[in-house]
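This report concerns salt bridges, a helix pair and a surface patch. The sequence and model are shown first.

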Amino acid sequence: MHFESSSIHIAGLIVSSYSWEHSHWAAQSSLSAWLKKHGVPALYGIDTRALTKKIRDAGAFLGKVEHEGLAPIEFDDPNKRNLVAEVSTPAVKVYGKGNSPRVLAYDCGMKNNIIRYFLDDHKVELTVVPWDYDLEKNEAGVEWDGLFLSNGPGDPAIMGKTIKSVKYALDLNPCKPIFGICLGNQLMSIAAGAKTYKMTYGNRGMNQPCVDLRTSKCYITPQNHGFAVDNATLPKEFKPFFLNANDLSNEGIIHAYKPFFSAQFHPEASGGPMDTAFLFEKFIDHINGKPQELTLLNPNTYDHNNYKKVLLIGSGGLSIGQGGEFDYSGSQCIKALKEEGIETVLINPNIATVQTTPSKTGADRVYFLPISAKTVEDVIKKERPDGIIVSMGGQSALNVGVELWQTGVLQREGVKVLGTQIDAIRHTEDRELFSEKLKEIDETIALSYPAGNLEEAKAAANKIG
């Protein structure tokens, strides 16, 4: 009792075509017989491709099926319901009593195979509690060595009671290992301070590629979720653990030094690839105190945008013996962009430069205009580039890049800064900001003070010596 749901939770099933002969080796009945047994209606012979086209344009949206001659029905929005409360176990249940270690699991819609992994493969004592069990009060007196957060349906943000208990577990000192799967990944992230968002389509199916940011290995994973964790909102002590290789969405988080981690996919899956089941072993090793190495790759490594047109801010007006290095770096930048097949637009008012000289490695178009925010904005509106490079043209280009960013022009026009980012430019150009950055890493710097007049300069000189 309460081990696994005994009913089907969908309201109905719609398919394009239906095979009346089932032949899968694991089948115990036909789909039709199974649906009929549970009173779930189904339709076949429907043009699901037409429906797919609507979803492709609009994303996931509400729908209803009405029959001619019958009364119309109201839309039912499942996103407004606490679906987890509808599928979670109603009572505390213990499996493998007396085994060690002891795992406490929140059932938010937990799959059978998760329990089997813990019991058959790792011989733990598994205590399964309802989604709203208050871990801090722990009225059932559950003794536990590690916490598991299961998969489940719906919007994680409405599960305040579960999130409260996860926050309590994250703050324990000494800490205890925590492992989450699917919805459990989202719950841990929210409890840590991050945010989630509703995906346009959701990631569903058994062929989702996920990159392990410790090893760069890409695993083919099964998953089914409409919500995802926003990587940009993760607190600094938490890092992305896995990334979806298709859309670069979050597929798991991991703490920088505490035994907390999660996966958005299903490592216990059946059917589907089961080559990420090592995550269960990693969790048990944490509980048993085995040391774990953590070296993560930069997730931006996989942020490959396909740029078609890039605007390069050139070296500007040059004097003899000055700034020639920016002419050289700019010309090499054009050469590199052309080798990548990227259409290149150059702004440079100086005709006597290598980078403005027409050749097979030259820019596609050259604007002989002043390096100013206004002229660059005008060119952006005309050319509509995907990206802009401001770090190859010297001080003038850097100044213009910072101004265009601070006034919101680049963001408004959807132009991404390539290479050195504006924030890094600001911190290196502004001496005060630069000093603060060096202090953050305990780097010794020359003492300095700002002075706006002679008296302030004398006072600063006396301080410095």
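The text below describes selected features of this model.

The model is predicted: local features need pLDDT of at least 70, side-chain atom pairs count only at pLDDT 80 or more, and totals for chains, interfaces and linings use all residues. Residues are numbered from 1 along each chain as its sequence is written, and side-chain values use heavy atoms, with hydrogens and water left out.

The structure holds 19 salt bridges (a side-chain nitrogen of Lys or Arg within 4 Å of a carboxyl oxygen of Asp or Glu). Three of these pairs are tabulated.

| Pair | N to O distance |
|---|---|
| Glu 86 and Arg 81 | 2.9 Å |
| Arg 214 and Asp 212 | 2.8 Å |
| Arg 412 and Glu 377 | 3.6 Å |

Arg 412 lies in helix H11 (residues 409-413) and Glu 377 in helix H9, 35 residues apart, so that the pair links distant parts of the chain. Helices are DSSP runs of H or I with at least four residues, numbered from the N terminus. Arg 412 is exposed at 52% relative accessibility, whereas Glu 377 is buried at 16%; buried means under 20% relative accessible area, exposed over 50%, and partly exposed in between (1.4 Å probe, protein chains only). A network of salt bridges links Lys 309, Glu 343, Arg 365 and Glu 383.

Helix H9 (residues 373-383) also meets helix H10 (residues 395-406): their axes, lines fitted to C-alpha atoms over the stretch in contact, with angles from 0 to 180 degrees between N-to-C directions, come within 9 Å and cross at roughly 65°. The two helices are therefore roughly perpendicular, a term covering 65 to 115 degrees.

How values were computed:
Angles under 35 degrees count as roughly parallel, over 145 as roughly antiparallel, 65 to 115 as roughly perpendicular and the rest as oblique.
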